[in-house]
Amino acid sequence: MSSLVLQELPAIEAVPAAAWNALVGDDHPFLRHEFLHALEASGSVSPATGWVPRHLTLWQGERLVGVMPHYLKHHSFGEYVFDWSWADAWERAGGRYYPKGLTAIPYTPAPGPRLALAGGIDPLAARERLAAAWEGRGEGVASELSSWHLLFAEEAEVAAWQAARPGLLARHGVQFQWRDAGYGDFEGFLAAMTSKRRKAIRRERRLVADQGLRLHRLEGEAIDAEALEHFFRCYEITYLERGRHGYLNPDFFRRLRASMPESLLLVQARLEGRPVAAALCLQGARTLYGRYWGSEVMADCLHFEACYYQGIEHCLARGLTTFDPGTQGEHKLARGFAPRLLTSLHHIADPRLRDAVARFCAEERAQIRAYCAAATQALPFRA
């Protein structure tokens, strides 16, 4: 078997979509070539936005056998694992934190695989070659980088990296996810809850209907250009309320609709037949991912209905076993979304900064684990 050759790609289009996707599973739309290409081709990810693609690929001769998204970052926006304080402390001490290396899906805090390998490839050998890209033992940009960060990888992949590189620093976070426990339908899901929470959710859903709002779920080709345009107006409203524009532009969403419509689910709220709010989700073979939301109206409990309850109903109707509704939101706990402990990994080149970050992560991990345990006890399901 020939040795593995590492190549850095300056753009995802440098490798054919079929070759990339052949290594990627069917439950993770964000790792697909179409999604990453839409980010780059739309300009949402580019040097101008502070994301410089340097995708890491492994080859055996002319055969692509490994892919991992990778970027040079000149800031920490759009990552959702916050290291601003690390950067500030290091630069006040005279160091240079940016650019850094980042393996993640831009603007997408959804757990999933980050490294995809062909069958028969030695995972340890693959990680050894990849690590050369940021540890200064190979050609490329390693000499420029203060650090490398692996965000929102799956638990098995995190463990494999820790075994291959024990010096990587681990940092914990928490998200809330729904999992099907054999509920059958939404009423079966409610039946598993305490009476108090069951009544509260029914009341929230009834309140949305009493305001004259009707919810519709559109999939794939049923999402036409007009529906997508309305969705984007709603998406922008969410960010304009915070005084800025969204990270993603209309061209990105148009490209998703054109290249991977089968992965899209649009939840649309209508008032007197006119759309007034929308939530755009992506779906894989087993998982629904809630990502983008916005509303033109102020309506009680509409966010809960459009972003949570409609997604749960869709999962139960389509046989999807997991619903990841997005980052943050302790209010998800009371609506049946269980806490999930996540781990990010961090390579820090300078030992002085590494020691400080290691102490910070150790203290934070203890706090996050305690919070996760307490949140689990607060779930609203019957014993």
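Reader: Which residue of strand 12 does Val267 stand opposite?

Author: This is a predicted model, and in it Val267 stands opposite Ala279 of strand 12. As a general idea, strands of a sheet pair through backbone hydrogen bonds, either parallel or antiparallel. Here strand 11 and strand 12 (residues 274-283) are paired in the antiparallel sense, over 8 bridges. On strand 10 (residues 213-219), Arg217 is the residue that stands opposite Val267; strand 10 and strand 11 pair over 7 bridges, in the antiparallel sense.

Reader: How many residues lie between the strands in the hairpin of strand 11 and strand 12?

Author: That hairpin has 2 residues between its strands, and Glu272 takes a positive phi near 55° there. Strand 11 (residues 264-271) is largely enclosed by the rest of the structure, because 6 of its 8 residues are buried.

Reader: What is the order of the strands in the open sheet of 4 strands?

Author: The order is 1-3-4-7, with antiparallel pairing. Strand 1 (5-9) and strand 7 (116-117) stand at the edges with a single partner strand each, so one side of each is left without a neighbour in the sheet. Strand 1 pairs with strand 3 (residues 55-60) over 5 bridges, and Val5 stands opposite Trp59 in strand 3.

Reader: Which residues of helix 11 are buried?

Author: An α-helix has 3.6 residues a turn, so residues three or four places apart point the same way. In helix 11, the buried residues are Leu353, Val357, Cys361, Glu364, Ile368, Cys372 and Ala375. Their cover includes helix 3, strand 9 (169-179) and strand 15. The 27 residues of helix 11 (residues 351-377) should span 39 Å at 1.5 Å a residue, and the end C-alpha atoms are 39 Å apart, which agrees.

Reader: Is Glu79, which meets Lys73 in a salt bridge, buried or exposed?

Author: Side chains of opposite charge can pair when their charged atoms come close. Glu79 and Lys73 have an N to O distance of 2.5 Å in their salt bridge. Glu79 is buried, at 4% relative accessible area, and Lys73 is also buried, at 0%.

Reader: With which residue does Arg233 form a salt bridge?

Author: Arg233 forms one with Glu296, the closest N and O atoms being 3.7 Å apart. This pair links distant parts of the chain, 63 residues apart: Arg233 is in helix 8 (residues 225-240), and Glu296 is in the loop between strand 13 (287-295) and helix 10 (302-318). The side chain of Glu296 also meets that of Arg274 in a salt bridge, at 3.9 Å from N to O. Arg274 lies in strand 12, so this second pair ties together parts that are 22 residues apart in sequence.

Reader: Which residues form a nonpolar patch on the surface?

Author: Phe77, Phe82 and Trp84 form the patch, with about 320 Å² of accessible area together. Phe77 is in the loop between strand 5 (71-73) and helix 3 (84-92), and counts as partly exposed at 46% relative accessibility.

Note on methods
Residues numbered from 1 in each chain as written. Predicted model: local features only at pLDDT ≥ 70, side-chain atom pairs only at ≥ 80, totals over all residues. Heavy atoms only, no water. Patch = residues over 30% accessible without salt bridge, like charges linked within 9 Å, V, L, I, M, F, W, Y side chains within 5 Å. Areas by Shrake-Rupley, 256 points an atom, 1.4 Å probe, with all protein chains shown as cover. Salt bridge = Lys/Arg side-chain N within 4 Å of Asp/Glu carboxyl O. Buried < 20%, exposed > 50% of the residue type's maximum accessible area, 1.4 Å probe, protein only. Pairing = 2+ DSSP bridges. Expected span 1.5 Å × (residues − 1). Contact = heavy atoms within 4.5 Å.
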